[in-house]
Amino acid sequence: HHSQTAANATVRNIITSFRLMSAYDWQDFFEDVSLVDQTLRKGSMYPRMDFATRDRYRHALEQISRTSPLSQLEIAQKLIEASQATGVDPGFLLIDDGREEFEKMVQAPRSFGRRLRQQYLTHGSDLFLGGIIAATLLTYGLLNLALKEFHPSWWMCLIALIPAIEIAVGVVNRSTVALLGPQHLPRLNLETGIPEEYKTFVVIPTMVSKKSDIDSHLEQLEIHYLSNPDGFVHFALLTDFKDSSVETHAEDEKLVRTMQNRIDALNEKYAEVSPGNKRFFIFHRRRIFNPSEQKWMGWERKRGKLTEFNRLLLGHNQTSHMSLDSQVVSAPAKVKYVITLDSDTKLPKGAVANLVGTLAHPLNHPEFKNGKVVNGYGILQPRITTLLPAAHEVTLYQRLTSGPWGVDPYAV
């Protein structure tokens, strides 16, 4: 009995210790005791970044230190000195185009794997397509050798090309992922809310033809707000009437009044973004005659909604927007980012902070040359997933298409 009691006590203590260890915030503990982390926090935006970004910086510094005669702390000090001297973010020297120059500065030659990866990134399209062609020819040749003893006809040899291509694409995709791996875009930590300098609009371009459309769209807009309520974030519907053979209908005025009443109710229900700046808007456009369609319709449909909304944000008043409250149509000033959603798209909790934090990071700022973005990002297209249907709702089509293999086109 004494042995059993002692064993029970030991197991109980082990389980209790595991529970305490899992409940402890090891991320904060590590950063509190890390001298490298404390050095990187000096004189940069590093403390404002999320943990994944800070961790990526530290891992990059660790990789450099493996082939450098300097210690990690010495490399971190040189990194901060170099970034302050050149006026760039430390990440530019760790995970961006400035890394090669910084590696020379700290006498850290690149490993073979690093050089191979860099060559793949530099000549990605040529190597990817060339790899598929080479793998297809090799696979096709092996398949023909395997079929040779069966004396295949020409059409059998031709059909063998289909599995050869599938195998080649799969092998190259797998090799690419193994070589490059997933890359976390650097991001600022905006969990406490979107600051005024990154003021954002969440918009839903859609059409309204009846009162129930207005109710459902505004309900969706309210849900988006409740999942992302913090900071300087405005929410708006960009709406058109349905296409028609005439410019106006008798029910148009009633729909306009309903839209205005519903949006006023939302603004009364929830707090303003800041004093005098309401949170919810509707930007509705009048019909314009389209000669090619021979219809009265919203100019350029969805693309036109977004184009004219951007013009409003830039201070232009020459748009087809209708005033719903007898006031001049205008948008809040100094809006920096716009998140566009379809009417059936869900916006998860914290998604606005993640998207804005990514675009706000210095390494992701767009750089323009001859009207084109040559570095950074002007537009982010996050991965979109479909909702999981209930078991009784699953169709044969969903079973066949819901889990495609290969490289995700959203991530390419």
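Reply: Happy to! Contact here means heavy atoms within 4.5 Å. This is a predicted model, in which local features need pLDDT of at least 70, side-chain atom pairs count only at pLDDT 80 or more, and totals for chains, interfaces and linings use all residues. Residues are numbered from 1 along each chain as its sequence is written, and side-chain values use heavy atoms, with hydrogens and water left out.

Let's start with T176. Leaving aside residues up to four places away in sequence, T176 touches Y120, F128 and G181. T176 belongs to helix α11, residues 161-180 (helices are DSSP runs of H or I, at least four residues, numbered from the N terminus). T176 counts as buried because its relative accessibility is 13%; buried means under 20% relative accessible area, exposed over 50%, and partly exposed in between, with a 1.4 Å probe and protein chains only. A polar atom of the T176 side chain lies 2.8 Å from the backbone oxygen of V172.

Elsewhere in helix α11 is I165, which is partly exposed because its relative accessibility is 38%. I165 is part of a nonpolar surface patch, together with W154, W155, M156, L158, I159, L161 and I162, and the patch has about 840 Å² of accessible area. Such patches take residues with over 30% relative accessible area and no salt bridge, joining nonpolar side chains (Val, Leu, Ile, Met, Phe, Trp, Tyr) within 5 Å; a salt bridge is a side-chain nitrogen of Lys or Arg within 4 Å of a carboxyl oxygen of Asp or Glu. Areas come from the Shrake-Rupley method with a 1.4 Å probe. Helix α10 gives the largest share of the nonpolar patch, five residues.

Conventions:
Helices (H or I, at least four residues) and strands (E, at least two) are DSSP runs, numbered from the N terminus. A polar contact is a pair of N or O atoms within 3.5 Å; within protein, one must be able to donate a hydrogen and the other to accept it, and residues adjacent in sequence count only if both atoms are side-chain atoms. Patches are made of residues with over 30% relative accessible area and no salt bridge: like charges are joined within 9 Å, nonpolar side chains (Val, Leu, Ile, Met, Phe, Trp, Tyr) within 5 Å.
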